[in-house]
There are 2 protein chains.
Amino acid sequence: MHADTVQPLESSVDLAHRNASRAAGLVTPALRATVDTFDNRIRPIVAYHFGWMDTSGRPTANSGGKMIRAALTILAAEACGGDARQAVPGAAAVELVHNFSLLHDDVMDRDLERRGRPTVWSKFGTPAAILAGDILLARACGMFDEASGHQGWATKALIDAIAELAAGQMADLALERRATVTLEEALTVSEQKTAALLRCACTLGAGLVGAPDGTSRRFGAFGMHLGMAFQLVDDVLGIWGDPAVTGKPVRSDLHNKKKSIPVVAALHSGRPGSAELAALYADTDPMTEDGARRAAELVELAGGRAWTESEIERHRGLAVAQLDALGLTEAQRAPLLALADYVAFRKH
Amino acid sequence: MHADTVQPLESSVDLAHRNASRAAGLVTPALRATVDTFDNRIRPIVAYHFGWMDTSGRPTANSGGKMIRAALTILAAEACGGDARQAVPGAAAVELVHNFSLLHDDVMDRDLERRGRPTVWSKFGTPAAILAGDILLARACGMFDEASGHQGWATKALIDAIAELAAGQMADLALERRATVTLEEALTVSEQKTAALLRCACTLGAGLVGAPDGTSRRFGAFGMHLGMAFQLVDDVLGIWGDPAVTGKPVRSDLHNKKKSIPVVAALHSGRPGSAELAALYADTDPMTEDGARRAAELVELAGGRAWTESEIERHRGLAVAQLDALGLTEAQRAPLLALADYVAFRKH
């Protein structure tokens, strides 16, 4: 390569990927060190869940998820001018909590697949998945009492996020059984199940490098709005995502009659398509292929897609506004902005 | 009552009951305050589990278990000359952990009854029981980061006990599926599933009132031996307990072909009865009434009962030896001794 080769500007997606990989590189040793302390019977199960091992205990190429949460913690710490290494316990803790909730949610939802592989409960049994989740949860809570000194506020922030996750999952299960769900109820579930932990990830990143409370809270608000955008994008992809990119069946949320945000928004819009969509969802028979295709059209017709996409843009804007209010330099701001763009515009 | 009425000396059982009630009186408000912070959907389920409410949310006469663990924490704190109120977060934390593990274990074991009432999963569903357990676990871990200031060593002790509980439950489930279990393996499960948390209860009680590390560790050893005695008594009662007193079906552990300590000891004794007992357990048909009666005789014949009872006595002795080594006054020693006697000699 010649010195005068023109280098294209790094795209925001590339920057986000690069930072997510860098964060994963920082936090993975901490995660592995934690998992290494687990009991012999639980360790291989957790290692399988993280994608570090196959079912027979052989190492695999790591497929352990996007680590968006760890990346947020690391980037928030760096945006505060701090040393990312100080934020690693926080990044590890949020990933442990995220994975505890995946393990337990998969049990409750009886989901068979996660990250393209059989879920832990379907492979090792429900007790193994419950206990593996329990131990991840407990060790996450202990992450701030290690050698680095106690940081009780951090433990408290994490536990509050866990309480929100649990409340959100409880509400989600209750709403799935109900015929009518308001948009507010559905949005609260998204806030509890997704946004709360992303808020926590950012709060921890800032706080662990010594940012003042007000600054940490603002980073937390950034994370919260990003979390809402993240979940809303998930909901859009659950209907219109390309199976070749998402790895999920086409229109999977409609096949499962999931009351995701676009569906609930459409049902409450009172516009053409609402009533027909309600009837399709009320049918006690399973959703057919034709039904799901029609439901997707109806959600769009009734404005559910447009509403959700405008909400994604609104939350992305509110997230960016938090960064603006923090008065960051362009260099501090760029990685977080790139992550926000990646979240809002991703295809999987 | 006349002033000159001769008061009989309080029996050790009465003293143990009185102290357990007193501990329950101290810790219950802290438990209720914690549960009051829970989400609307989870709170009534946890309140039902603790025996504070019936399934329709009406208050009930408290039937929330013996609170042996909370009593140990309080009594250890007092035996150190400390103020019991300082140990209340520790007592509450161990009760939260104990109840988290009951909620999750009942899901895994598919047990239908707990404290004479339907288990949470059988009444409210598996997801409710998993989530209620998760939130108890998380809040227990946060108990030492509250207003009283962080006590990271206490959080760490608690989380280590949780890790042992999880490892013990995992091992227990694995051993249940195996044809042969060594006595050492079965004893390790008892240590992890029961003794670890009783050790933690005592360590916390001493540590929270500022006892030196060596003293806390010795109180922990007291709790550990008491925990072993507690579990071994449970195992004896699971075979020979009086259903009218235990509230469990007669010979329930034998009906379930549970590999409890007396059974495993009998199977490995190589004495008359061992082989016939092994054959009864190996039979793929469910245990009959006659089979269970015969199995109880065989466990006794093969020395499983005698071995277990001598172990109970040995652990009680080792527990008392810890108290002796602490050089406590008679007044400091008596309540813990009474609890040890109660545990070793209880009928339910």
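Visitor: What are the ground rules?
Guide: This is a predicted model: local features need pLDDT of at least 70, side-chain atom pairs count only at pLDDT 80 or more, and totals for chains, interfaces and linings use all residues. Residues are numbered from 1 along each chain as its sequence is written, chains are lettered from A and ligands numbered from 1 in the order written, and side-chain values use heavy atoms, without hydrogens and water.

Visitor: How are the two copies related?
Guide: A rotation of 180° with 0.0 Å of shift along its axis superposes chain B on chain A, RMSD 0.0 Å (least squares on C-alpha atoms of residues with pLDDT of at least 70 in both). The copies are thus related as by a two-fold rotation axis. The same surface serves both: 100% of the contact residues of chain B recur in chain A.

Visitor: Switching to charges. How many salt bridges cross the interface?
Guide: The rule finds 2 between chain B and chain A. It asks for a side-chain nitrogen of Lys or Arg within 4 Å of a carboxyl oxygen of Asp or Glu. A:Arg139 pairs with B:Asp160, closest N and O atoms 3.1 Å apart.

Visitor: Is A:Arg139 buried or exposed?
Guide: Buried, at 18% relative accessible area. B:Asp160 is partly exposed at 29%. Buried means under 20% relative accessible area, exposed over 50%, partly exposed in between (1.4 Å probe, protein chains only).

Visitor: Which residue does B:Asp234 bridge to?
Guide: B:Arg346, with the closest N and O atoms 3.2 Å apart. The pair links distant parts of the chain, 112 residues apart. B:Arg346 is buried at 5%, while B:Asp234 is partly exposed at 26%.

Visitor: Which residues form a network of salt bridges?
Guide: B:Arg251, B:Glu289, B:Asp290 and B:Arg293 are linked in one.

Technical notes: Contact means heavy atoms within 4.5 Å. Helices (H or I, at least four residues) and strands (E, at least two) are DSSP runs, numbered from the N terminus.
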